[in-house]
Amino acid sequence: MNDRNPPDEFTDVNEAVGEEWEAETTPYERIRHVVAHTYSPVSADAVADDARTAPKTARKHLNTLADEGFVETTPGEQGGTLYRRSPESLVVEQAADILEHVSTDELVTRIQEMREQLTEYRSEFGVDSPEELAVNQTNQALSETGSQDEIDPETIREWKTLRRDLAFANAALSIGNAEQFVDSDRRSTDDSVPA
């Protein structure tokens, strides 16, 4: 049996990694990182603990992130403010990722294909949404047999995913078009200034 203790530097790997993270980043960067993975409302104290900073510093940066639209605030049960990542910031992040990897022409083609697939789902099932499909199938099965037929969860999941992907693609296209508009406006302004 080995009674030797591990060297002090290996006693708490998490603490060592945390200290390194703290040394290499600013409190703002750590708070943004923590809240980027926070989807349920939490207190500034909880964010501060995870971000290895003071609650006062966390509140300051969380309020800045809220002003920027990255964080959403809600009142807590005890009167304090709770914070979580805003759904809009997720859409913008996903849209930016799409724009980084897909050309505008390809994006337009994919959007058209997704719209056609949604139209096929609506036509095939006679409803406008996967939620309606689930409700209608359940009601139909209960009224006909007194027991629920199995709903195809894969079709419903695919339809929901397609709808979400279309929303992201539309957001990316809108952002891409706005960037092109700003760039072309900037060029036309630059062209009109005499050298």
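Student: With which residue does Glu-154 form a salt bridge, and how far apart are the closest N and O atoms?

Tutor: The partner is Arg-157, and the closest N and O atoms are 2.9 Å apart. To call a salt bridge, look for a Lys or Arg side-chain nitrogen within 4 Å of an Asp or Glu carboxyl oxygen. Keep in mind that this is a predicted model.

Student: Where do Glu-154 and Arg-157 lie?

Tutor: Both lie in helix α8, residues 153–192. They are three residues apart, about one turn of the helix.

Student: How many salt bridges does the structure hold?

Tutor: Nine. Take Glu-106 and Arg-110 next. Their side chains meet in a salt bridge at 2.6 Å, N to O.

Student: Why are Glu-106 and Arg-110 separated by about one helical turn?

Tutor: Because they are four residues apart in helix α6, residues 104–125. Glu-106 has a relative accessible area of 34%, so it is partly exposed. Arg-110, at 39%, is partly exposed as well.

Student: Which residue forms a salt bridge with Asp-165?

Tutor: Arg-164 does, with the closest N and O atoms 2.9 Å apart. Asp-165 counts as partly exposed at 30% relative accessibility. Arg-164 is partly exposed, with a relative accessible area of 44%.

Student: Which residues are linked in a network of salt bridges?

Tutor: Glu-15, Glu-22 and Arg-52 are linked that way. Trace the three side chains on the model.

Student: What separates the C-alpha atoms of Lys-60 and Ala-44?

Tutor: A distance of 9.3 Å, for residues 16 apart along the chain.

Student: Last topic: helix packing. At what angle do the axes of α2 and α3 cross?

Tutor: Roughly 115 degrees. Helix α2 spans residues 27–36, helix α3 spans residues 44–51, and their axes come within 9 Å. Angles of 65 to 115 degrees count as roughly perpendicular. That makes α2 roughly perpendicular to α3.

Student: Is the crossing left-handed or right-handed?

Tutor: Right-handed, as α2 passes α3.

Student: Which residues make the contact?

Tutor: From α2, look at Arg-30, Ile-31 and Val-34. From α3, look at Val-47, Asp-50 and Ala-51.

Student: How many residues of each class are in the contact of α2 with α3?

Tutor: Four are nonpolar, two are charged and none is polar.

Technical notes
Residues numbered from 1 in each chain as written. Predicted model: local features only at pLDDT ≥ 70, side-chain atom pairs only at ≥ 80, totals over all residues. Heavy atoms only, no water. Axes fitted to C-alpha atoms, helices over the stretch in contact; angles between N-to-C directions. Helix = DSSP H or I, 4+ residues; strand = E, 2+ residues; numbered from the N terminus. Parallel < 35°, antiparallel > 145°, perpendicular 65-115°, else oblique. Left-handed = near helix turned anticlockwise from the far one by under 90°. Contact = heavy atoms within 4.5 Å. Nonpolar A, V, L, I, M, F, W, Y, C, P; charged D, E, K, R; others polar. Buried < 20%, exposed > 50% of the residue type's maximum accessible area, 1.4 Å probe, protein only.
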